[in-house]
Amino acid sequence: MSNAFLEMRGITKDFPGVRALDDVSIAVPRGEVRALVGENGAGKSTLIKILSGAYQADRGETWLQGQRIEYNRPLEALELGIVAIYQEFNLVPQLSVAENIMLGQAPRRWGSIDSVEMHRRAGEVLDQLGVQLDIHVSVSELSVAQQQITEIAKALVRDLQILIMDEPTAALTNVEIESLFEVIRTLKGRGVTVLYISHRLKEIFAVADSVTVLKDGKLVDTKPIEEVTRDDVVRMMIGRQLADYYPPKDTATDEVVLRVQNLNWSDSLHDVNLEVRRGEIVGVAGLEGQGQRELVRVIVGAVRRDSGEIYRDGQPIRIESPFDALRARIGFIPDDRKAEGLVLVRPANENIALASLRERLRSFLFVDERRERSFVSKLIEALDIKLAGRSQVVMNLSGGNQQKVVVAKWLGTEPEVLIVSEPTRGIDVGSKSEIHHIMRDLAREGVGILMVSSEMPEILGMSDRIVVMSGGRIVAEMPYEAATEAAIMAAATTDVLVEESANLG
Amino acid sequence: MSETTIAAGTQPRARPKGNIFLRIGPVYYALVTILAIGTISQPTFLTLRSVRNILVSATPWSIATIGQTVVILTAGIDLSVGPVISMTNVIAADLMKKYPEQAILIILLCLAAGLMVGIVNGLAVAYLRLNPFIITLATGTAVQGLALEIMYQPSGMVTSGFRQVSRGTLGPIPYAVGYLLILYLVGSYILKRTPYGLSIYAVGGNETSARLSGIRTKRILLSVYAISGLLATCAGLFIASRIGSGDPLVGEPYALDSITAAVLGGASLFGGVGDLWGGLAGALIIAILSTLLNMNNINPFYQWIIKGAILIGALAIDFFRKGGRQ
């Protein structure tokens, strides 16, 4: 038994259909900066959510300073000095920096807030952090970095013991990142323990004392930072072989069915160029939030692009709404099936028929019932959807069957291009493999498929060609024969912004 | 794909499992119960004359409830129903008194006015994304003012031919029964058996999913408010025909009553769930309840309390049904 400051032992957490954490143990000494790394879905977020009280572990214990601690709510973790700072800040934009820092802790005099004392103490905390920040200005006027500092200062007022930071540098400039690191070092000097999650390995080597690698919910290893190289860490993160069975890749043709050219949208997409050919599955890889979601939404008309062209079979087309995409025979299977793919309160047959009502199932003004019935039955049979009856409300179906309903809906429209986002997220292994085979069968029939996935095995197993996105750009493209997990991860973790600004400067 | 050859292999339409008595919505039991109470408490309740009266008096409720239900199916609400009834009622009575020979034109004018209000509501909800509760409250308030401007106290007169709209009978059966049957049959058919109707359910159940499935959700939203405006106008015209004159406040109870009827009938305020027949049963319950309370000389204030309680009860059921689903 170690006498570490923070210890989590044997933490296990199940979500429906997936074990997010499997017997993970970590021990962190006081005042250490511990980096937590792993691919998407490795279990980092789950682990810190358990530590911060947002989730309950199914098994395992958490010890702080030799005491076993138990809590059921984030508030109780806060009282123990465990503070998590996510990308979404927990600040009141209308209030000033000082008011936010002292929120709920403001000194009182004569029953009302002692403003002078409040500002004095808020200023003191910022001094301790060694940062310059006007405490009178309202938080809504601050930059992301300044808000982050305010959040940290707020935590410091409350006897901060453990600070958890989840991708804290995602929206920061290089200079801001450097000053954040200064703050983290200051905190460390004051005995605060920091858990630092980042995909950017460069930062981890700059700021962390030690690194813990997670993979598929399991602990790979914990190492002092001096004992490992960047390559070691990458290897630990991806050291998995392709276990699943994927259908053979033998369907791609040369005929371009979809082409996007110089697509721009807001801050999320920058001059994206992309081609999909008939029978081809193009995988879009990358870390989460690099513009993949925006790319598919622009192509299917869910949001309107700022500039750029979309070509179908070589012809430029106008796509301003999903209705236009449907008419251009472009189907869309979204990643969040409950929020975007299904009408949960309606029966399976209505959901399956939804995108085909107007074009395929209508005669004159009405839905041809006989045609609708055979249409739905054929799809239910083809995809082997398990239903109590065709009119079963989809809310009550399993994740795999719900996903098949969404797939059936788009199969029914006989698309020529299918945009698929996280096609197998949160569904069981059996359904997963079925969906993969359905996708390849579609490709065999000549459908061009663009697949966004954050699961590396899926990208490698399904794609004929892989493009990697980072910072809203396509930073790499490779045929599947040349693609490896390491190559993709290397491209995805390249700090595009860093290199660019270096070039500019 | 050829569609017809597979028909032989299709499964029979699966029906929800469970006891037939459980599958029938609770609103129909409530309707039977209230009929039984009426029959027991009032010996004259089930006479042909009284049944006919109830049906005719229930007609404007039943018509307005169709529009309200369709709006509620899209997770919206239409509070302008009552004022639209009042406004079209007074326009009809006022103009028909002045220009009795132009009855048809006046009816068309009223329909256009009601449709306009509906379109304003629909544009605001669909394209400006305004909260339906607030926008229909606002347009309703303005329309109510307009009604009072046209006629500040009951007056006006409709033509004798127009009176036959509500008073005419075919043998023993009032025309009104025919209107209701036609509206409900056509309405239900449209809702359940056309791309448009099924799209209404989809938009109400999940607007994002519906949009991403290629449904033009804004047009759907716009249309349901337009329909509600049109049907409220029909209700207002029917009332004008029945009372023979105009009353600028006659529509007052209808917004809340039509909501109560729709929700009693199983429509969920969260959208995507409900049908017209339940709303009809709900409207009949409200009409019968009003008749019964009047027959038993219950003070109108208590009627309000009772109606309020019924709506709260129906909303509670809606809430718990949703809670049970998630």
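The legends below describe close-up views of a predicted two-chain model, chain by chain and contact by contact.

Local features are described only where pLDDT is at least 70 and side-chain atom pairs count only at pLDDT 80 or more, whereas totals for chains, interfaces and linings use all residues. Residues are numbered from 1 along each chain as its sequence is written, and chains are lettered from A, with ligands numbered from 1, in the order in which they are written.

View 1. Chain A holds 18 helices and 24 strands, helices (H or I, at least four residues) and strands (E, at least two) being DSSP runs numbered from the N terminus. With a radius of gyration of 26 Å, close to the 23 Å given by the globule rule for 505 residues, chain A is as compact as a globular protein of that length; the radius is taken over C-alpha atoms, and the rule is 2.2 Å times the number of residues to the power 0.38. The C-alpha trace of chain A spans about 75 × 50 × 50 Å along its principal axes. The domain assignment gives domain 1 (6-238) and domain 2 (256-346 + 414-504), with bounds that come from an automatic or database assignment, and the C-alpha centres of these two domains of chain A lie 33 Å apart.

**View 2. Helices H4 and H5 of chain A.** Helix H4 (residues 115-129) and helix H5 (residues 144-157) of chain A pack at an angle of about 110°, with their axes 10 Å apart; axes are lines fitted to C-alpha atoms, for helices over the stretch in contact, and angles run from 0 to 180 degrees between N-to-C directions. H4(A) and H5(A) are therefore roughly perpendicular to each other (under 35 degrees counts as roughly parallel, over 145 as roughly antiparallel, 65 to 115 as roughly perpendicular and the rest as oblique). Val125(A), Leu126(A), Gln128(A) and Leu129(A) of H4(A) make the contact with Ile149(A), Ile152(A), Ala153(A), Leu156(A) and Val157(A) of H5(A), where contact requires C-beta atoms, placed from the backbone, within 7 Å. By class, this contact has eight nonpolar, one polar and no charged residues (Ala, Val, Leu, Ile, Met, Phe, Trp, Tyr, Cys and Pro count as nonpolar, Asp, Glu, Lys and Arg as charged, and the others, Gly among them, as polar).

**View 3. Chain B and the side that touches chain A.** Chain B contains 14 helices and two strands, and its C-alpha atoms fill a box of roughly 60 × 50 × 40 Å along the principal axes. In all, 27 residues of chain B are in contact with 36 residues of chain A. Helix H9 (195-205) and helix H10 (207-212) of chain B are the elements that give two or more residues to this side of chain B, and the largest share, six residues, comes from H9(B). By class, the side has eleven nonpolar, eleven polar and five charged residues.

**View 4. Helices H9 and H11 of chain B.** H9(B) and helix H11 (residues 217-243) of chain B pack at about 100°, their axes being 10 Å apart, which makes H9(B) roughly perpendicular to H11(B). Ser199(B), Ile200(B) and Val203(B) in H9(B) meet Thr217(B), Ile220(B), Leu221(B) and Val224(B) in H11(B); the contact has five nonpolar, two polar and no charged residues.

**View 5. Helices H12 and H13 of chain B.** The axes of helix H12 (residues 254-264) and helix H13 (residues 276-295) of chain B come within 7 Å and cross at roughly 130°, and H12(B) and H13(B) are therefore oblique to each other.

Conventions:
Two residues are in contact if their C-beta atoms, placed from the backbone, lie within 7 Å.
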